[in-house]
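Me: I'm new to this one, and I'd like to learn how to read a few of its features. Can we go through them together?

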Amino acid sequence: MATESDILVIGGGITGMSMAYLAARSGKTVTVLEAGEKFGGLLDTFEIGGTRLEKFYHHFFLDDRELHWLLHELGLSNNVMYRETSMGIYRDGKIHDFNTPTDLLRFSPLNLLDKVRFGATSFLLGKFYNWRKHEERSAYEWFKKWCGERVTATIWEPLLRVKFGVHYKDVPLAWMIGRLGQRLNSRKNGKEMLGYLDGSLQVLNDRLTERLRTMGVQLVASSPVTEILVENGKVSGAKTAASEFRANQVIATVPNQVIAQLIKPLNETFAAKLNEVKYFGAFCTILELDRPLSHVYWLNMADADFPFGGVIEHTNFIGANKYGNTHIVYLSRYFTAEEEMAKLSEEELKQTMLQGVRKAFPEFSEKHLKNVHVFRTNTAATVCDLNFSTKVKACRSEIEGFTIANMMHIYPDERSVNNAIRVAANVCQSLGMDCEEVPLGNSLSGQIGIK
């Protein structure tokens with residue numbers, strides 16, 4: 001016998017879980033189908049020193065109002081810790097602090113005029129530019145024109161290459177406006193403040209899962225959808241290997257490729273449109289050390305020939321005492337399916353990353369290394385190229401009764417827990433649910449494709 005509900009959510013990541021919470025809060029009966037064994041998606045954690053840690057690094061911003069609202073709803077507001085953080089740029093074989101105007105003035109790879117142009121353009125983009133007017137402009141070309149060749153070659157081009165690979169010249173200025181705005185809005189008294197949940201995002205995931213079950217939401221894990229069900233020309237539910245689930249509205253929060261495969265038998269043309277959106281994968285190699293690697297929390301690698309683009313020293317943010325005095329470093333790298341790096345085995349990737357660490361930090365010795373963990377996802381972020389909004393499909397899809405809410409709707413902002421909640425709230429609102437209590441911060445997410 002089929003399970004029946006008002007809303008059927010496909011995908012148990014943070015977007016799907018937020019969707020389920022908001023729908024249930026609005027009085028709907030909800031079922032969530034998750035292909036994996038656990039709920040939470042990219043919020044997944046593992047244990048180090050008796051404390052859970054995210055497999056893919058996370059932090060919060062001061063202006064993440066939607067996230068703060070959800071944490072308050074779940075009774076977790078007191079679990080949020082905000083700390084002053086540090087940023088650096090690795091350039092010309094050394095670490096340059098990059099937190100204050102004084103640090104910028106000391107940045108030796110640039111002359112004074114370059115520094116003024118970099119500071120002024122970054123501030124203008126983050127505070128005054130309207131992203132909607134700059135989707136057709138390449139961030140790379142804009143930087144070359146207004147920051148100059150040296151600033152672009154020294155800072156922006158390496159960072160764009162690390163994040164976007166072969167697509168680095170096609171990143172719209174709109175995306176950069178959203179990214180810089182996010183960082184500038186998280187500064188207090190001139191210093192960047194970032195947040196973290198005491199005990200990791202596992203605490204949020206566990207509390208949200210518990211609350212959903214209390215609200216009567218049916219959470220079904222290890223249940224990949226095999227077929228979308230249709231009756232009288234309207235989507236009526238979904239089928240798994242074990243059961244059928246009927247609903248008035250089906251909402252898919254999984255990546256476009258998964259959705260396209262499911263709906264291809266219903267609308268092959270629409271499935272092809274969904275596949276126009278490409279995804280970056282990401283590696284996070286996590287080092288457990290007996291001492292710090294550097295004094296910086298977030299180090300951007302602006303020198304060429306490193307296998308990672310970011311060195312995120314988590315225990316320069318959250319103390320090593322939380323992890324049994326183990327020092328934790330994330331080595332981050334985005335990739336496309338075409339890159340050779342995407343084909344590396346876990347052991348090959350581990351050795352490649354360690355080779356890069358030895359090159360960047362000559363004082364590093366493997367005798368200080370306690371353990372190495374390698375995590376990978378093939379759908380870490382969408383490839384946002386020029387006029388990307390034209391590729392973002394409406395959440396109310398071309399198939400009656402079938403709604404889409406996923407990472408493409410976060411554009412032009414960056415993926416985050418907060419932005420996933422904003423997308424969920426806007427999509428639920430578009431379906432007639434009452435989500436007005438969810439506060440609207442400065443997030444640019446959930447604006448395209450949602451009416």
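Me: Is Val116 buried or exposed, and why?

Reply: Keep in mind that this is a predicted model. The general idea is that a residue counts as exposed when its relative accessible area is over 50%. Val116 comes out at 51%, so it is exposed. You'll find Val116 in helix α4, which covers residues 112-127.

Me: OK, on to the backbone. Which residue other than glycine has a phi near 60°?

Reply: That's Asn325, and its phi is positive. Look for Asn325 in the loop between β17 (310-313) and β18 (327-335). Its relative accessibility is 53%, so Asn325 counts as exposed.

Me: And what about the phi of Asn387?

Reply: Asn387 isn't a glycine either, and its phi is positive, about 55°. Asn387 sits in the loop between β19 (369-382) and β20. Asn387 has a relative accessible area of 28%, so it is partly exposed.

Me: Last one: is the peptide bond from Tyr411 to Pro412 cis or trans?

Reply: Check omega for that one: here omega is near 10°, and the bond is cis. Pro412 itself lies in the loop that runs between β20 (402-404) and α12 (417-430).

Conventions: Residues are numbered from 1 along each chain as its sequence is written. This is a predicted model: local features need pLDDT of at least 70, side-chain atom pairs count only at pLDDT 80 or more; totals for chains, interfaces and linings use all residues. Side-chain values use heavy atoms; hydrogens and water are left out. Helices (H or I, at least four residues) and strands (E, at least two) are DSSP runs, numbered from the N terminus. Buried means under 20% relative accessible area, exposed over 50%, partly exposed in between (1.4 Å probe, protein chains only).
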